[in-house]
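Please look over the sequence and the model shown below before reading on.

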Amino acid sequence: MPGPVTSAASVGCHRLLRTHREQTVLVTDAAEVCEEIGGIGELAEYPPADTGSRDGLPELVRRMLDVMPARSSVGAAVLAQRLGERPETVQALMGPLVVEGLVELRGDGYRLTALGRAPSAAGRAGAADDAGATGTAG
């Protein structure tokens, strides 16, 4: 708030107003402030929702992650049987899941990583502390 031009405490405000004339608007009351900035929330964008590692994945991939063990390993043929899908289909999905860090390849098959066990953003509400302990042995 600028003060009297005779006050040393007002020098900074007056200098900013003078230097940035095009970007400066003086107001005399709350109604004029509202007029300049708009209604509450009118101009502000909502922050993007947090996304989990499973958000945005195709339904088949989410189902596959749901039936995949976290502690032991399982082969693509066993996963395919659990899902009612062809083994070739399941095997084709494994490479990208390994690259993304959701699944790891072990000598005897695949298993979930900590990232793969993390729930989707929608499932995280109130369960952030449990995110690493949701895997099941297979």
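Does L97 count as buried or exposed? At 5% relative accessibility, L97 counts as buried, where buried means under 20% relative accessible area and exposed over 50%, with partly exposed in between (1.4 Å probe, protein chains only). The model is predicted: local features need pLDDT of at least 70 and side-chain atom pairs count only at pLDDT 80 or more, while totals for chains, interfaces and linings use all residues. Residues are numbered from 1 along each chain as its sequence is written, and side-chain values use heavy atoms, with hydrogens and water left out.

**Overall architecture**

- The protein chain contains six helices and two strands; helices (H or I, at least four residues) and strands (E, at least two) are DSSP runs, numbered from the N terminus.
- Along the sequence these elements follow the pattern α-α-α-α-α-β-β-α.
- Of the 138 residues in the protein chain, 25% are buried.
- The chain exposes about 9,600 Å², of which carbon and sulfur atoms supply 56%; accessible areas come from the Shrake-Rupley method with a 1.4 Å probe, and for residues only the protein chains shown count as cover.
- Taking contacts (heavy atoms within 4.5 Å) between residues at least 6 apart in sequence, 49% join residues at least 24 apart.

**The surroundings of L97**

- L97 belongs to helix 5, which spans residues 87–99.
- Apart from neighbours within four places in sequence, L97 is in contact with V61, M64, L65, L102 and V103.
- The C-alpha atom of L97 is separated by 8.7 Å from that of G116, which is 19 residues apart from L97 along the chain.

**The nonpolar core**

- A nonpolar core is a set of buried Ala, Val, Leu, Ile, Met, Phe, Trp, Tyr and Cys residues joined through side-chain atoms within 4.5 Å.
- The largest such core has 19 residues, and M64, L65, M68, V90, M94 and V103 have the most contacts inside it.
- At least two residues of this core come from each of helix 3 (59–67), helix 4 (76–83), helix 5 and strand 2 (109–112).
- M94 is in contact with M64, M68, L79, V103 and Y110, leaving aside its neighbours within four places in sequence.

- R54 is located in the loop between helix 2 (30–37) and helix 3.
- With 11% relative accessibility, R54 counts as buried.
- A polar atom of the R54 side chain lies 2.7 Å from the backbone oxygen of G116.
- The R54 side chain also reaches the backbone oxygen of A118, at 3.5 Å.

Terms used. A polar contact is a pair of N or O atoms within 3.5 Å; within protein, one must be able to donate a hydrogen and the other to accept it, and residues adjacent in sequence count only if both atoms are side-chain atoms.
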